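This report describes selected local features of one protein chain. The sequence and the structure are shown first, and the discussion follows.

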Amino acid sequence: MDHLEHFKGDNILTLLYEKDKDRHIFHIKTFSSTASKLVKIAEEVLGRIMRLDKKTGIFRLEHEVVTQCGISKDRFHKVNGNQWENIYQKIVDQYADKTKTWKNGLHWANTNGYSPKSMKKLQGCYAVDDSTWFYFLPQMIKEENKMVYFLIDKGRTWHEGEEFWIFESYIPELVKALDLLSHTAFLDNGWLDYYIVSKKYQWIIGFNHHNIISCIGEGLNLDCFKNH
């Protein structure tokens with residue numbers, strides 16, 4: 001089926017037609033719309049695609065980590081959709097620097113700095129090997145038998161609407177997950193910044209794209225880095 005379009009101002013007249021075996025054109029349907037309406041429809045469709053891609057992306061990452069690392073979803077999983085916003089907001093309230101704008105969240109906080117209050121509890125920043133540093137996590141985090149939050153920064157600023165994927169994990173499983181992700185460009189999602197946060201919000205560990213970890217809060221054991 002072919003079509004012809006006629007533009008007049010903001011109006012678009014579309015004629016649908018087909019050709020018979022003798023190549024004679026016969027009319028199928030005519031309808032009209034406006035450019036602004038089509039733009040709105042296109043934006044709605046794009047929004048749905050982006051939301052679907054976001055859901056597909058986080059589900060795929062969870063599935064691949066669990067499958068390729070041979071771990072249980074009870075030990076590593078994304079947080080429930082209705083919990084995501086509340087968890088992220090609590091972390092932001094505790095650690096995000098809002099001195100420039102109240103909208104600012106965690107994006108690049110591990111590079112540009114955390115809130116002034118939390119920076120008073122800065123335990124240290126260390127240059128690390130991005131593919132091995134996480135093997136120290138069992139030494140750094142005393143509560144190895146409890147879950148932590150694992151936040152992947154998808155790289156959007158507060159202007160664009162920050163996007164984080166948030167998971168819950170035990171430390172041994174998180175080490176396995178990071179080993180996989182650090183060798184696969186986060187399963188082809190790119191080399192992303194990420195955070196590990198106490199579920200009691202007592203501390204945060206940030207890893208940035210400069211291969212620097214920043215450690216804020218109380219309860220972390222950093223002797224493994226201080227001794228190197």
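## Salt bridges

Which side chain does K73 meet in a salt bridge? The partner of K73 is E62, with an N to O distance of 3.6 Å. The two residues belong to distant parts of the chain, K73 lying in the loop between α1 (35-69) and β4 (76-78) and E62 in helix α1, 11 residues apart. K73 has a relative accessible area of 47% and is therefore partly exposed. E62, at 5%, falls under the 20% limit and so counts as buried. The model is a predicted one, and the count of salt bridges in it comes to 4.

Another of these pairs is formed by the side chains of E218 and K121, at 3.7 Å from N to O. E218 reaches 51% relative accessibility, so it counts as exposed, while K121 is partly exposed at 41%. In the salt bridge of E168 with K199, the closest N and O atoms are 2.5 Å apart. Because E168 lies in strand β7 and K199 in the loop between β8 and β9, the pair ties together parts that are 31 residues apart in sequence. E168 is buried, with a relative accessible area of 11%, whereas K199 is partly exposed at 32%.

How many bridges join β6 to strand β7? The two strands run antiparallel and are joined by 6 bridges, β7 being formed by residues 164-169. Within this pairing, W165 in β7 is the bridge partner of I152. β6 also pairs with β8 in the antiparallel sense, over 5 bridges, and here L151 stands opposite Y195.

## The surroundings of S214

S214 lies in strand β10 and, at 3% relative accessibility, counts as buried. The side chain of S214 is joined to that of Y114 by a polar contact of 2.7 Å. Apart from neighbours within four places in sequence, the residues in contact with S214 are N110, Y114, G124, C125, I204, I205 and G206.

## Loop residues

Most residues other than glycine have a negative phi. Y201, although not a glycine, has a positive phi of about 60 degrees. Y201 is placed in the loop between β8 (194-198) and β9 (203-207) and counts as buried at 15% relative accessibility. N211 is likewise not a glycine and has a positive phi of about 60 degrees. The position of N211 is in the loop between β9 and β10 (212-217), and its relative accessibility of 27% makes it partly exposed.

F136 is located in the loop between β5 (122-127) and α5 (137-140). With a relative accessible area of 23%, F136 is partly exposed. The C-alpha atoms of F136 and F225 are separated by 8.8 Å, although these residues are 89 residues apart along the chain.

Definitions and conventions. Residues numbered from 1 in each chain as written. Predicted model: local features only at pLDDT ≥ 70, side-chain atom pairs only at ≥ 80, totals over all residues. Heavy atoms only, no water. Helix = DSSP H or I, 4+ residues; strand = E, 2+ residues; numbered from the N terminus. Buried < 20%, exposed > 50% of the residue type's maximum accessible area, 1.4 Å probe, protein only. Polar contact = N/O pair within 3.5 Å; in protein donor to acceptor, adjacent residues only side chain to side chain. Contact = heavy atoms within 4.5 Å. Pairing = 2+ DSSP bridges.
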